Amino acid sequence: MIIIFKEYTIKKISYEETKDMILNMHYAKRMPSISFAFGIYKQDKQLGIVTYGKPDSPFLMRGVLGEEFSSKVYELNRLVLIEGLPRNTASYFVSKTLKLLSSNNLCIVSYSDTGMHHNGYIYQALNFKFTGTTKARTDKYTPKGKHSRHYDSTLDSHLRVYRTPKNRYVYFACDKRTRKIYEQALKYPVLPFPKGENKNYTLGTEQPRIVFNSKTQEYYSE
C-alpha cells in the first residue's frame, strides 16, 4: 500500500475539538489535562487527535529531569485514531506533532498500559527512550465518572482501584543543545525496549476497573 501523507493535514485544535474522540473512542473515557492538542485530517474529515498536558503527579515532573526542569515535563496523554487507517499513520501523526512542539523545549513522557496489552511500539518507532515499568498500585475509589475530589472516606475507604503497570517512555522535543542537557539530567536509566504481542481494543470500549474490597478481601470488575 502506498501511503500519501501529503493528503493529510495536521493542525492545532481546541480542547473542545478533542472531546468527542476522547470521551467516545478512547478506553479511559475521561478528559485529561490538555495544554496542546492536534488533529489529523484528510480533507475535512477528522481522522484522529493527540493531546499533551501536565502530568497529574508533581513527583513525576520532578522525577524525570529533576526540580530544575520539572516545568518542562509534559505527558502525551491521549492518542486516538479512527479504524482502517494505514499502519504507519499513528507514528507519522505523532512525529509531526513532536516537531511542532520542539520550539518549546519540552520533555514528553508517555505510557503504554500493560493492562491493555500495549507495549508501546509506536514510541519505540519514534525513538522514545524506554525508562522502565511502573509498579502496580491502588488508588482511592470514586464512583465511575466522578473526580477524585468526590472521594468519600465514610463510604468508600474500604475500596481501592487497582492500577496496572505501565511502560514509561521519554522523548526530548527540543533543540540539539537542550537535548544534551536533558540527557544528562535524566533521572531514569534508559533500558532495552520491552517486547510482546500487542492487542488492539475496539474503539469506544471502556477499560474495566478492577476494585479491591478490603472488607471481603476480594477483587471485582466494574
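A word on the model. It is predicted, so local features need pLDDT of at least 70 and side-chain atom pairs pLDDT 80 or more, while totals for chains, interfaces and linings use all residues. Residues count from 1 along each chain as its sequence is written, and side-chain values use heavy atoms, without hydrogens or water.

Start with the sheet. Seven strands form an open sheet, ordered β1-β2-β3-β4-β5-β9-β6, with mixed pairing. Strands here are DSSP E runs of at least two residues, helices are H or I runs of at least four, and both are numbered from the N terminus. Two strands pair if DSSP finds at least two bridges between them. β1 (8–12) and β6 (129–133) are the edges; each has a single partner strand, so one side of each lacks a neighbour in the sheet.

Next, β1. Five bridges join β1 to β2 (residues 36–42), and the two run antiparallel.

Now β4, residues 73–81. Eight of its nine residues are buried, so β4 is largely enclosed by the rest of the structure. Buried means under 20% relative accessible area, with a 1.4 Å probe and protein chains only. What joins β4 to β3 (residues 45–53)? Six bridges do, and these strands run antiparallel. G48 has L81 in β4 as its bridge partner. With β5 (residues 106–113), β4 pairs in the parallel sense, over three bridges. There, E75 stands opposite V109 in β5.

Methods
Buried means under 20% relative accessible area, exposed over 50%, partly exposed in between (1.4 Å probe, protein chains only).
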